[in-house]
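This report describes a predicted model.

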Amino acid sequence: MTTLLPAGHHGQETDEHHGQGVDLIGRLLRSVDDLADELTQDIVSGEHSYAESTLLTHEVLRAIVRDNLHTVLMALQGVPTTLDAPRAAGRLKAEQGIPLDALLHAYRLAGRFIWDRLLALAVDAGGTDQLLPMASDIWLMIDEYSSAAAEAYRTTFEEQARREAAARNLMLTTLLDGSSRDSAGAREIVRVLHLERPGPFVVVSAEINDASEPLPSVEGRLRAVGIGCEWIQKDGAKVGLLALPSAQAAETALAELAGSALSRVGVSRPFASPTEAPKAWREARLAALCLPPDTNGAHLYGSSPIALLAAASPDAAAQVASAVFGPLRTLPEAERLTLLDTLDAWFACGGSTTKAADRLHCHRNTVLYRLNRIAELTGRPTTHAEACAELFIALRAIRLGSPIGEV
């Protein structure tokens, strides 16, 4: 691409003034090396990001400044030029971590620098009339070059971000898969991911439903309480490694996750070494399955042993549900659900028929009738401890998705 902004493009300006302006530009071109030194110093003095950069050396910055200055001056003379120089500048500044605002500020400084030098030459030559047609050309040129540099900057920045995200994903996957088995390698990954904390780690697994975000804004909430985190999407879940500031922060993490959860979220037990991440990931996946399907919340591995057994052995859980509640499958669905809800409420109320009746908004005798109906159909009265245990385990299995099939 070539720039189409030659100096003196204003048709009303005289050929004489045009020639004088071109001559002034030529004088600047002949001293471009000295001008590049001056402009480089102006940029370093006027933009602290360049002065503070430890990656962009003065020599490299000066070379970029000279290339851009030379190209701008050539274009102002009417020589067709490309946008290679500003694009190269934009790419390099993105790679070196110079802020985009600093890049654009440098181009504004360059525009003022060129104008000031031309103005000084024109005054020495006895007049400034020849500069008037060039004023808009200079700033249009600076705008075109800075826009090209900014576009290259953004493209490079986005590419860097994608590469960095891919690298971080790979490192976290390595931890979760157990590919990094030695402690030193695992600790290095934790350091690179900025997950070094005094406390233990936990792994989180949040189901992704309908491609929606299962834990919106959770990163900010966790970091606000001093918890570091890194996330990937894996096996239909958003999986995170959390670094806690202390052992006591595990409860805080669970509360923040529960407050953000829009799906089933499982949380592993805290662990000390990152080499234990694969085991913790399995725990987190099982913990998520300890919550009923299509519900929201966060569940800590091991906090509900019976639910954990059902989640860990879904086939056995389905067999238990079928064996205990199989006779109920012959009932109309509404009646079957009413009996199961009543049993659930009775267990939740610690075996109190009065409290269960209050929860279900019915009479205590209605609860007793339904419990007796369950005992009659299943052969398991709620007055016997072993029968109650079987009823409770089977009910938890159903709540976690086990069907009532053939006995």
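## Strand pairing in the sheet

Strand 4 and strand 5 run parallel to each other and are joined over four bridges, and within this pairing Gly266 has His299 of strand 5 as its bridge partner. Strand 4 (residues 264-267) also pairs with strand 1 (residues 201-207), here in the antiparallel sense and over three bridges, with Ala206 standing opposite Val265 of strand 4.

These pairings belong to an open sheet of five strands, whose order is 2-3-1-4-5 and whose pairing is mixed. Strand 2 (228-234) and strand 5 (297-300) form the edges, each pairing on one side only, and from one strand to the next the twist averages 20°.

## Helices on the sheet

Helix 7 (residues 132-177) packs on the sheet and touches strand 1, strand 2 and strand 3 (237-243), its direction making about 85° with that of strand 2. Helix 10 (residues 249-260) likewise packs on the sheet, where it touches strand 1, strand 2, strand 3, strand 4 and strand 5, and its direction makes about 150° with that of strand 5.

In a regular strand, side chains alternate between the two faces of the sheet. Strand 5 has a covered face, made of Gly297 and His299, and an uncovered face, made of Ala298 and Leu300.

## The annotated C-terminal region

An unreviewed UniProt entry annotates residues 339-397 as "domain: PucR C-terminal helix-turn-helix". In the model, the chain over residues 339-397 is 78% helix and 0% strand, with its end C-alpha atoms 16 Å apart.

## Aromatic pairs

The structure holds four aromatic pairs. One of them, formed by Phe347 and Phe392, is edge-to-face, with 5.0 Å centre to centre and 80° between the planes; this pair links distant parts of the chain, since Phe347 lies in helix 14 and Phe392 in helix 17, 45 residues apart.

Phe347 counts as buried because its relative accessible area is 18%, whereas Phe392, with a relative accessible area of 25%, is partly exposed. Together with Trp346, Phe347 and Phe392 form one aromatic cluster.

Conventions: Residues are numbered from 1 along each chain as its sequence is written. This is a predicted model: local features need pLDDT of at least 70, side-chain atom pairs count only at pLDDT 80 or more; totals for chains, interfaces and linings use all residues. Side-chain values use heavy atoms; hydrogens and water are left out. Two strands pair if DSSP finds at least two bridges between them. Helices (H or I, at least four residues) and strands (E, at least two) are DSSP runs, numbered from the N terminus. Axes are lines fitted to C-alpha atoms, for helices over the stretch in contact, and angles run from 0 to 180 degrees between N-to-C directions. Contact means heavy atoms within 4.5 Å. Buried means under 20% relative accessible area, exposed over 50%, partly exposed in between (1.4 Å probe, protein chains only). UniProt positions are given in the numbering used here, feature names are shortened, and annotations may be inferred rather than shown by experiment. Rings of Phe, Tyr and Trp (its six-membered ring) pair if their centres lie within 6.5 Å; planes under 30 degrees apart count as stacked, over 60 as edge-to-face and the rest as tilted.
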